[in-house]
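Colleague: I am new to this structure and would like to learn how to read its features one at a time. Could you show me the model before we start?

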Amino acid sequence: MDRAPGLSVRVKLTLSYAGFLMLAGALLLAAVWVFLLRYVPERALIIPGSTGTTHGVFPVRSNLLRVFAPRAAAVLAFLLVFGLGGGWLLASRMLAPLTRITDATRRATSGSLSHRIQLPGRKDEFRELADAFDTMLARLEAHVAEQQRFAANASHELRTPLAISKALLDVARTDPACDTGEVIDRLHAVNTRAIDLTEALLLLGRAERRSFTRERVDLSLMAEEATETLLPLAEKHGVTVETSGDITPTLGSPALLLQLTMNLVHNAIVHNLPEGGSVWVHTSVRPKTVVLTVENTGEQVTPQLASTLTEPFQRGTERLHTDHAGLGLGLAIVKTITHAHDGTLTLIPRPAGGLRITVELPATARTPDGDGPGN
């Protein structure tokens with residue numbers, strides 16, 4: 001932003017210091033006049049019965065004023081010079097941290113996010129500002145790095161179906177004897193995967209922008225709908241799904257919260273034991289939050305691997321060797337939707353194998369008809 005030139009903060013502080021010092025000196029001289037000089041007589045007094053002579057110098061007001069006024073002016077002039085010089089030095093010393101903060105800000109605007117102010121010294125306003133700025137830089141650097149990884153992974157994931165489609169078309173064009181029906185079927189599958197990936201990316205961006213209207217939502221109903229929708233998939237994989245819990249009202253987007261629940265249940269079904277697996281979906285109410293828990297059997301998952309599963313395009317080892325490898329965005333979408341609804345997402349490996357995933361969202365007040373916590 002272009003601004004008109006003005007006085008620097010250092011000059012303003014210097015003038016303020018000098019002005020206050022001059023004001024204090026003037027008040028001190030005024031106090032001397034009010035409480036001392038005004039009681040000095042204007043002329044010498046002759047006491048009746050005396051000889052009419054005085055011994056030594058008898059001060060009168062006019063004489064004192066002639067002596068006091070020049071000295072007072074000299075003192076004020078000294079205070080002005082001293083205030084300007086001392087104020088300039090004090091202002092320079094006080095604003096030195098602000099100069100470092102400004103330099104760091106300018107470096108950040110040029111694209112550098114790796115530097116930190118790291119202002120030494122005890123806690124004060126400037127150091128609180130510097131610490132807050134360092135924290136902001138760290139978060140921005142992590143966010144930019146995450147976005148760069150996401151863009152690179154998204155480009156790779158989108159490029160793969162395009163490359164496969166190009167290869168299939170080249171084969172169909174150069175090989176007249178190829179099975180056209182098979183090529184069409186494979187192109188359809190590749191195209192469907194590309195569309196699913198694009199829609200997942202759009203959903204992820206929508207959740208990150210929080211561009212949705214908040215409505216009253218019952219997570220227990222979302223869990224029942226997701227379980228019912230995915231029941232055929234569970235039967236195909238030989239997985240039993242159990243749903244239980246309380247009414248869990250919260251505020252949010254019904255579509256996004258249903259997508260969150262669908263992703264969790266789908267993830268629990270397809271990443272389960274080869275046969276005889278189980279999934280437990282449970283909702284509960286806490287004093288200020290509602291909780292959705294999805295737990296499943298499966299292979300052993302290390303805490304290190306569990307902590308990375310919510311990153312975009314991150315897949316566990318067992319997920320790369322199945323016909324349901326997925327897009328690698330399921331839990332990333334769950335994490336983004338949870339954060340967009342001011343909630344928390346927790347992934348805990350089960351000792352017997354599989355995962356326990358917990359989504360905790362802010363609860364809403366109970367409605368008059370009893371649809372809410374505390375009834």
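Modeller: What follows is a walk through the fold, the core, the strands, the salt bridges and the surface.

Modeller: This is a predicted model, in which local features need pLDDT of at least 70 and side-chain atom pairs count only at pLDDT 80 or more, whereas totals for chains, interfaces and linings use all residues. Residues are numbered from 1 along each chain as its sequence is written, and side-chain values use heavy atoms, with hydrogens and water left out.

Colleague: How many helices and strands does the protein chain have?

Modeller: Helices (H or I, at least four residues) and strands (E, at least two) are DSSP runs, numbered from the N terminus. In the protein chain there are nine helices and seven strands. Contact means heavy atoms within 4.5 Å, and among contacts between residues at least 6 apart in sequence, 70% join residues at least 24 apart.

Colleague: What percentage of the residues in the protein chain is buried?

Modeller: A residue is called buried under 20% relative accessible area, exposed over 50%, and partly exposed in between (1.4 Å probe, protein chains only). Of the 375 residues in the protein chain, 33% are buried.

Colleague: Which residues touch the most other members of the largest nonpolar core?

Modeller: The general idea is that, in soluble globular proteins, nonpolar side chains tend to be buried together. A nonpolar core is a set of buried Ala, Val, Leu, Ile, Met, Phe, Trp, Tyr and Cys residues joined through side-chain atoms within 4.5 Å. The largest one here has 44 residues, and Leu-264, Leu-292 and Val-359 touch the most other members. Helix 7 (residues 254–270) gives the most to this core, with eight residues. If neighbours within four places in sequence are left aside, Leu-264 is in contact with Leu-292, Val-294, Leu-331, Val-334, Ile-357 and Val-359. A second, separate core of eight residues includes Ile-101, Leu-113, Ala-130 and Phe-133.

Colleague: How should I read the strands, and which strands does strand 4 join?

Modeller: In a regular strand the side chains alternate between the two faces of the sheet. Two strands pair if DSSP finds at least two bridges between them. Strand 4 (residues 277–285) runs parallel to strand 2 (residues 239–245), with seven bridges joining them, and in this pairing Glu-242 stands opposite Trp-280. Strand 4 is also joined by seven bridges to strand 5 (residues 289–296), this time in the antiparallel sense, with His-282 opposite Thr-293. A hairpin of three residues leads from strand 4 to strand 5.

Colleague: Is Thr-293 buried or exposed?

Modeller: Thr-293 counts as buried because its relative accessibility is 7%. Not counting residues up to four places away in sequence, Thr-293 touches Trp-280, Val-281, His-282, Arg-356, Ile-357 and Thr-358.

Colleague: In which sense do strand 6 and strand 7 pair?

Modeller: Strand 6 (residues 344–349) and strand 7 (residues 355–362) are antiparallel, pairing over six bridges, and Leu-345 stands opposite Val-359. The two form a hairpin with five residues between them, and Gly-353 in the turn has a positive phi of about 110°.

Colleague: How many salt bridges does a search of the whole structure find?

Modeller: Side chains of opposite charge can pair when their charged atoms come close. A salt bridge is a side-chain nitrogen of Lys or Arg within 4 Å of a carboxyl oxygen of Asp or Glu, and the search finds nine of them. In one of these, Glu-295 meets Arg-356, with the closest N and O atoms 3.1 Å apart. Glu-295 lies in strand 5 and Arg-356 in strand 7, so this pair ties together parts that are 61 residues apart in sequence. Glu-295 is buried, with a relative accessible area of 18%, whereas Arg-356 is partly exposed at 34%.

Colleague: Which residues make the nonpolar surface patch?

Modeller: Patches are made of residues with over 30% relative accessible area and no salt bridge, like charges being joined within 9 Å and nonpolar side chains (Val, Leu, Ile, Met, Phe, Trp, Tyr) within 5 Å. Accessible areas come from the Shrake-Rupley method with a 1.4 Å probe, and for residues only the protein chains shown count as cover. Leu-7, Leu-15, Leu-80, Val-81 and Leu-84 make a nonpolar patch of about 450 Å². Helix 2 (residues 61–109) gives the most to this patch, with three residues. Leu-7 lies in the segment before helix 1 (9–35) and counts as exposed, at 54% relative accessibility.
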